[in-house]
Structures are given as C-alpha cells and as structure tokens.
Amino acid sequence: MAWRRFTARLPMAVTAAVAVMSTMAATGSAATRSAAAEPGPDKPTIRYTEYGIPHIIASNWEGLGTGYGYAAAKDNVCTLADTYLMVNAQRSRYLGPDGRASPGQNQNGTTNLNSDLYFQRIKDNRVVERLLGQPAPNGPEPEVKEAIRGYVQGYNRYLAETGVNNISDPACRGAAWVRPITELDVYRHAHAEIIMGSADALLDGQVNAAPPGASAAAQPASSPAKTATEIRDAMAVSRQQSMGSNALAVGSQGVSGGTGMLLANPHFPWQGKNRMWQSQLTIPGEVNVSGAGLLGLPAVNIGYNNDVAWSHTVATVAPFGLFDVQVDPFNPTSYLVDGTWEKMTSQQVGVDVLNADGSLGKVTRTLWSTRYGPITTSIQGISLPWAVSAHAVRDVNMDNLRALNTWFRLDKAHDVNDVVNTLETTQGVPFFNTVASDRNGNALYADIQATPNITDEHAQSCLTETGKLLFNQSLRLPNVPPISIFDGKRSACDWPDDPNAVAPGLLDPHKQPRLIRSDFVGNANDSAWLANPEQPLSFPRVMGDMSAPRSLRTQELILTAQNRINGTDGLPGKGFTPQTMGQLLFADNSRAADLGLNATVTMCQSVPFGLILVLHGSPDDPVQQTYPALSMSDEMITVIPDGGARSWYANWLNQKTVLGAQNWENFHLKQVIPFIDANLRTIATKKSRAVAGVSMGGFGAFRYAQVRPDLFSQTASLSGDIDLSADSMDLRMAVVASVIDAAGAICGSASGACDPNDSPYKPGVDSDALFGSPYPVFNADWRWNEVDPSQHMDRLAGIGVSLYVGDGGGSPLDMEFWLAGAAKNVKARMDVLGMPYYYVNYGDGSGWGTQCNGGHNAGCWEEDLRDLIPRLERAFAS
C-alpha cells in the first residue's frame, strides 16, 4: 500500500459534524471526476487533503478496505481498540469492573461489568457468527466481506508498523489490550452499533435480572399510569441526552440555479465509538463516495456521490418491545403461554475481572430468557419488578447485520428511487430516518428501517394497560418513541412474520412512510408526519405520532426552508444556493426565541427590577467593567455610568479649568438615576436601589449615599479611597496627583522613558480645582474634610454598608496596602458609632476565589462582586 500527502485541497462536502452537500446542475468537482476516470492503482493509495481528510483509492473492495483500515487506525487507533475491547467483553479484565462503558448512544451509560456480561452473552449465543453464515441480505454481501477483510489487513498493518509502545495517543500507548484484530471483531463492532438503540434502555436490566427468592417480600404494586409516567419521563431525559440530527433535502423547485441540495447536520458525539469520521472512497468505475461514517465501518454512512446525497436522523421508532409474562408464584422461572407453563431458559455467563490487587477473578451470572427474548427488570433505570409477572425484551436489531449492506449500496445509489429500493430490500437501517436529494431534482424523506411488525390492529389487541399509555402516548411527550408492552400470555401477541419483510418480525417496508417532492423534505428527530407540511404522511403508530405538536427544531427547519424558497428570510433572491444554505445554518436562529420574544418583552416591560449603580475606578471607563459577576443576577439592573478618568464623582470647585464644567455628582444623582427610572423597569424606591464602586468608585459610592441617603438602601466600597482625612495624606495626595497629572509630569522629565501624551490624566489642572486646597494649614482643607466619607459615616445610618479590601500582599508598592488602612479606619469609626456593617479583608487573597492575590486588581474585585450581588438580592427581597 502506498500513501502520500496530497497538498491540493479536495472539495469535501462533509465537514466534521455539519455538512452542506450539493448536487448542482453542473457535473461533480474536477477532483471527483478525475478520480473516477483514472484506473485504480495496483495498491490502495491514501491521499490527504490539507485538512487531513483521507481520500482512499483502490482497484477493488478489499484494497479500499485496506486503505480505510490503515487510515482509520492512524487517526483513531485508541478509540477503535477500546471498542474492540468492549464488543469482546473484556473491559473488566483490563480496565476493572467498576469503570464506565458506552455500549449505547449515551456516553458512559453503564459499568464495564454490565457491558461485558451483555456482550459475552451475545458471544456465547454466537449471534454474529450465525448472521455471517446466512446469505444476503441477512448476511453480508460479497463487497462487504471483501472490504472488511481488507480493513482488518490495513488496521493490523498500521499497528505492526507503529508498534503498541509507539502509538502517539497516550490513551492506549503500550496498553496490553491493544492487539491485532480479526474480521469477527469488526462484525461484532458493526453489530454493536446496530443494536445500540436498545442498549441504553435495557442493558442493565437484562444482566441484573434475577428471580425473586422464596422469602422475597412482596413489592407494592405500581399503577399502570404511574409506571408509564416514570418510563416516559426517563426515556424523554435519555432522548435529550443522546444523539439526534437535522437534515434538509431540497429539490429543483427549492434550489436557485441547480437541481438538488442536502444539508446534513448530525448531532453525533466528538469522542468514542459513535464518532463520525470523514473520508472519500473510490474504486474507479464502481464507487466514488465522500462523506462521514461511524468510526471503524469501512463505508460512508452520510455523504454523497456523483448523483445522490443523503443523511440520517434518529427516528421515533422504538427498536424493541416488551412482553409482560405471568410467572408461577411458586416457580417464578416458569411463565404462562396459551394456558401452558413454559420454563425460562437459564444461561451461565462469565467474564474475567481485574481485582483491586491486580489479580484476575471471574464473575458469573445466571441470565434468563423466554421465547420472546431476555428477561429485564428495568427500562431506562425504571424498575420492572420480577414478581407476579416479568418482562421479556425483543430487540428488532439483534439479528441485523443488514445495515452494512444498506450503507454499501447507498454509497453507489444513482437517484432517490435507488435509495428507496435499497432501504426496502435490505431493511437494515437501525432507528434512523433517511433524507436524500438527487441530480434529477428530487428530494426524499424515508423512514424505512428495521421496525417491529406492530400494526395498529395488532397493538390494540395485545397492549397491556401500561403499554396502552406508553404506546398510544396518552401521556405524550415530544420525541419519545411509542413503546409497546404486550401480553406475553398469548403467543399470538408476538410480532408476526410478514412475507413482504426481509426478516422475521419486521414490518412490511411498503407500509413505512416515504415522500418524494421537488421543493423540500426534512427531519429533526420528530416522526414522519410533517416531513413537508404540504403533504402530511400517515403510517402505523409504531413509527411515531401524527397530528401532534412538532418540536421547536422541526418548526425551525420547516420555516427556514419555506422562507428561503419564498424569498422571505431577508436574504437576496429565492431558493437555496450553497452560500445561503451556509448562511442559514450558521445564522443561529432560534424558534424558541421567536416564539418567546413578544412575551419576554412584555414581561420585561411589566416586571420591575432592583438597581445597582456601579461606579468605576481611576483611570477607567464603563466599557472596561467586564466583570462576569455583573451579569449573574436576573433580579437587578446593573448600570455603569461614565465617571471620567479622575472625576472623583464630585462637583468640582473650579468649573473654569481647561477641562470645562465638572459636575459629576449632579449628573449621576439628578440626571442618570431619574433617566434610569423613567426608561428602565426599575423599582424606583430607596429600598431597591444600591450604589457600589471600585477604587475611586468606592469613594463615590459612599459619598453619594451620604449626600442622598434618600436614594440608596445599600452602599459598597471595593478597595475604595474612603479616607481622605489629614490622617491619610497619602491617599489625599494620590487624588491630587490625578488632578495635576503628576504621572504625565514625571514622564515628561524622564528623558524619553515614557510618553507624557499617553497619560490618562492629561491635561493637568491646579491642585485646588477639585476640593480647594488639600493642605491642612489653618483649616484650608475644610472642603476635603467635608467630602471625606470616613468623617461622616453617621450619615449612612439605616443604610447597608459593605467594605471589601485586601492587603496588597503586604507590599507598600501596591495601592491596596494603603487602602487597607483606610478601610480599617472607617471600620473603627463605625464601631464607635455602633453601626452594623459587612466587612471583608481578604488579605493576600488566598482564600478569596482563584483569581485574587490580595492586590488592587480586577481578579479580587470579581470575587468581591460575586459575594456582594447575592447579598444585595437578598436585601432587596427582604
């Protein structure tokens, strides 16, 4: 096998988890056409795009599989090796029984031990081997066998060339469980993917099912309604957490200047065995397909060729059914069928486990089965007690390897009719819808899959009371599949065989919904009913609901398609182009937001909020106040007014400096607050209003609350300059320095060390401009004493006072060091006055969040605000 770096960019339509695929009127890309025209190489060749996407070219299916296996292992060997470990029931042996495994759609859905017991039972029953021995379509077709034979060769070659100890991924480098694989490993992996639709709900219940002992206490009976509600709710939660997808196919009447387009938007996980992996696969003259597939399966599951593009979405079909079997109270492993007691089948299943001391042990369980399938004692974590009756599981996909044939045929499809024929003649798709478009301008929706043969008549004849509630969804919740629980006392209630179906127990594919149109079809994990609202579909109840509300995603998909085709979405023209499809995909539209907009606006206009006025420091501005804590409250409006670089939140004494009028106190208290109350939904009362500030803003917060105690019920200083008395001349002189632009003056005399024009305090003005003379000589500084918060704390009587400060790490070079003294002085004066207050000195910040070092900085103020805002909410609500 040869491989080389291919530096030219290959046009690939599938990108990660989101794809836009187009079959426009022009023929395929130059790269695609030339690859199809050239004869296949003697050895499989791997070419990589600049984004690392492998294009594998071979002369036959075995060679194609070889290249795929090598490239897949190169990119994902640890994930693949972990998957082979799981399907061979050896996770407990190597990773311990208590670790987590992901056999289903959800990540880490069960323990390693439960997973191993589940897959060991499948191994012991030789399920996969039996399917491999059947002719197609139930067994794999020749090209599938050839590709998987080659895949094994490619995977093992990569492993041999690289060596386990040299694997770049530390997740499995040197691991004893990384080994060469066999073809059976790959088929077991494929089978595990096909049955994963049942694993999350039923695996744990099957491997833990045990008959009640002779002395077992009778369990209280649960009403059918209660049991149905619990199962429905648990299934709904699982659906929300598991995989989904959106897909939109557009035909010739919906495309501007083309014949068909497809948007594939699968919601598969980024990690684990269910990750989608992108590739292009070419055998000249036979197949040339590009797209993404489930990791480790050498085919494209979602993609496009020269004629057809297709995708899948998770459907609303439950790929399993339950049978309620009445058990003999004296022998609970016997159950009644047609008036005769039958013995359950017991099976000893054992797996190796790694003990805590490093030794190997063995865990053996007795698992039980009926004619319908295995016994389970839970579904999606909801108990199904084995008492008067027990519940057996029939999994429609347990005998399904046909999906491999389905996907290999789809890779070679020529039009949407070919897609339908493939779906009908293989019935291999497990729990997925199919959405496709072709070069002829057709758009296809089809929910043709491996579906239990449960007609509406059969269901109503056989459903138990709990089953009726779940299946008919009298307790409806969107997207939860109809779950059947049948009366197991009657053999006639088993799923009957249909002569038109591919395998026993499957629903006739011709009864399953499909729709071909020239405008659009789509699916977003709802049922088939409104694939296109102009032509509602009908189908057996087992496949989902009809005449029921659609999910918000479905509504958004339909409206997006309709508005683009009609040209009413604000974009130019009518109909889809690749550009407009991409724009709409990433437009971040939300149906929930659209529906809730008017009500939300009305609510916000009618529900009043508290107000916190946050004053910034010096030199700073409102734009820089990006503290995440300021957005944590949904009960208060936060307003951060401009306070200038050195306003000191005051009406300056000298209004005729080069700065012009400086009346900040008037601006905020007489203009800003009235404006807020007039234009925002605030509670315009003292009780619901607070003022807080950082550094210079801390001075302003205390000062404003002292000047207008009628406006504020709470005030807070965060590292504030709240002591400007003669005893704190250092802080008073810091204020003066900002007024006269001392930093700029020093910079100007520093011989080019800095640029005085960069000073935030320029131009400097006279030191007396703010509060008159700052010097305590013959009471010349009386105005400074009048505005000093520390000398008038009595004016805050009845107002909640909060002080936050650090110690600057004990360094006099940090401003916080000096502000700690100011806070201490203010605290002492409140103690003398007998005032209540809230005081936090977080010192070096070591116990004050993760961002605070005790200094004069935003990391500490963020933590201050995280503490302050919930306290203000409680104060406003009290």
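Analyst: Buried here means under 20% relative accessible area, exposed means over 50%, and partly exposed is in between, with a 1.4 Å probe and protein chains only. This is a predicted model, in which local features need pLDDT of at least 70, side-chain atom pairs count only at pLDDT 80 or more, and totals for chains, interfaces and linings use all residues. Residues are numbered from 1 along each chain as its sequence is written, and side-chain values use heavy atoms, with hydrogens and water left out.

The structure holds three disulfides, a disulfide being a pair of cysteine sulfur atoms within 2.5 Å.

One of them joins C78 to C172, with an S to S distance of 2.0 Å. Its angle about the S-S bond is -80 degrees, and the link is left-handed. C78 lies in helix α2 and C172 in the loop between α6 (142–162) and α7 (183–194), so the bond ties together parts that are 94 residues apart in sequence. Helices (H or I, at least four residues) and strands (E, at least two) are DSSP runs, numbered from the N terminus. C78 and C172 are both buried.

Another disulfide is formed by C462 and C493, whose sulfur atoms are 2.2 Å apart. It is left-handed, because the torsion about its S-S bond is about -90 degrees. This pair also links distant parts of the chain: C462 is in helix α12 (residues 456–462), and C493, 31 residues away, is in the loop between β25 (485–487) and β26 (514–517). C462 and C493 are buried.

Both cysteines of that pair touch F486. Leaving out residues up to four places away in sequence, the contacts of F486 (heavy atoms within 4.5 Å) also include L322, F323, I454, H458 and W495. F486 is among the residues with the most contacts inside the largest nonpolar core, together with Y151, Y155 and L248. That core has 154 residues, a nonpolar core being a set of buried Ala, Val, Leu, Ile, Met, Phe, Trp, Tyr and Cys residues joined through side-chain atoms within 4.5 Å. Helix α2 (residues 61–87) gives the largest share of this core, 15 residues.

The remaining disulfide is between C852 and C860, with sulfur atoms 2.0 Å apart. Here the torsion about the S-S bond is about 85 degrees, so the disulfide is right-handed. C852 counts as buried because its relative accessibility is 9%, and C860 is buried at 0% relative accessible area.
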